[in-house]
Amino acid sequence: MYNFESQHVVVTGGTRGIGAGITESFLKAGATVIATYAGNDEAAHVFKEKHSLYGEKLILKKFNVANTSDVENFFSEYEKSFPSLEILVNNAGIRKDNIIASMSENEWDGVIDTNLKGTYNMTRFAVLAMMKNRYGRIINMSSVGGKLGLPGQANYAASKAGQIALSLSVSKEVAKRNITINNICPGFIETELLKDLPEDQIKEYKSQVPMKRFGKVEEVAHAVLFFATKEASYITGTTLDIAGGLNA
Ligand code: NAP
């Protein structure tokens with residue numbers, strides 16, 4: 001359906017969960033994908049093996065998106081290895097839920113650093129690379145949680161709302177350079193991010209979704225590829241819910 005032949009895509013957190021689905025979809029559409037991850041080498045290895053038919057079109061890089069010098073090193077290596085950067089997907093994200101009165105500084109900082117500072121770090125360097133070619137597509141994986149504010153997720157909701165605010169601002173800065181930046185807000189999607197939820201809470205969440213089921217990674221990936229097309233050239237600073245009707 002889509003053709004990204006000769007385009008280069010960086011997908012953070014691109015070896016597991018939603019990110020893995022996004023990487024797969026871009027590979028199928030002919031792109032070269034640099035899928036990044038934080039530390040789960042085993043999952044990354046299994047993912048690379050599973051997609052060995054794509055050869056050099058799938059490159060894995062391990063670093064922490066929250067660490068500015070890691071990100072700087074990644075982009076300086078990137079420039080030496082690839083001629084251009086067309087697409088960045090800021091997908092890496094974590095949860096550390098707790099009610100506010102019990103939320104530790106570590107839980108607050110950890111989530112804000114990965115989800116929001118990571119998006120800032122990656123976007124900042126990607127924009128510099130994209131401005132050279134006066135073209136770019138940036139897609140942030142936010143969450144309906146950033147608009148609904150589920151209990152126990154003050155850190156997560158703030159980080160996800162922050163991504164939306166960041167995009168609104170950046171979209172206005174880079175619009176003249178043909179760089180777009182948009183957000184996707186998934187609802188509940190079947191990945192390991194939700195694996196710690198108790199069975200009764202999963203049931204309760206499913207009952208709140210009008211479609212009465214959790215979403216699949218492919219259903220999110222499809223929208224990412226749409227935002228990443230050349231044809232989506234007049235869409236920027238916007239946010240799309242993919243949440244089975246659980247829209248904020
Ligand atoms: P996941 O299955 O837990 O995968 C997270 C990915 O992010 C992994 O590849 C992980 O690397 C990477 N990552 C985590 N921290 C990182 C860091 N500091 N630096 C670099 N990479 C890091 O999560 P998911 O469910 O696919 O979620 C992906 C995104 O969608 C997140 O931003 C999440 O907030 C958002 N989202 C998910 C849902 C949902 O229901 N699943 C709903 C709304 C929004 P390792 O493999 O090395 O650990």
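A backbone N or O atom of Gly39 lies 2.7 Å from an oxygen atom of the ligand, a polar contact in the sense of a pair of N or O atoms within 3.5 Å. The model is predicted: local features need pLDDT of at least 70, side-chain atom pairs count only at pLDDT 80 or more, and totals for chains, interfaces and linings use all residues. Residues are numbered from 1 along each chain as its sequence is written, and side-chain values use heavy atoms, without hydrogens and water.

- For Asn40, a backbone N or O atom is 2.8 Å from a ligand oxygen atom.
- Asn91 likewise places a backbone N or O atom 2.8 Å from an oxygen atom of the ligand.
- The protein buries 94% of the 910 Å² that the ligand exposes when taken alone (Shrake-Rupley method, 1.4 Å probe).
- The ligand is surrounded by 30 residues (a heavy atom within 4 Å); Ile18, Gly39, Tyr156, Ile189 and Thr191 are the closest.

**Aromatic rings**
- There are 11 aromatic pairs in the structure (ring centres of Phe, Tyr and the six-membered ring of Trp within 6.5 Å; planes under 30 degrees apart are stacked, over 60 edge-to-face, the rest tilted).
- Phe74 and Phe75 pair edge-to-face, at 5.1 Å centre to centre and 80° between the planes.
- Phe74 and Phe75 are both buried (under 20% relative accessible area, 1.4 Å probe, protein chains only).
- One aromatic cluster is formed by Phe63, Phe74, Phe75, Tyr78, Phe82 and Phe125.

**Around Phe214**
- Phe188 and Phe214 are both buried.
- The charged end of Lys206 sits over the ring of Phe214, 4.9 Å from its centre (NZ of Lys or CZ of Arg within 6 Å of the ring centre and within 35 degrees of the ring normal).

How values were computed. Buried < 20%, exposed > 50% of the residue type's maximum accessible area, 1.4 Å probe, protein only. Polar contact = N/O pair within 3.5 Å; in protein donor to acceptor, adjacent residues only side chain to side chain.
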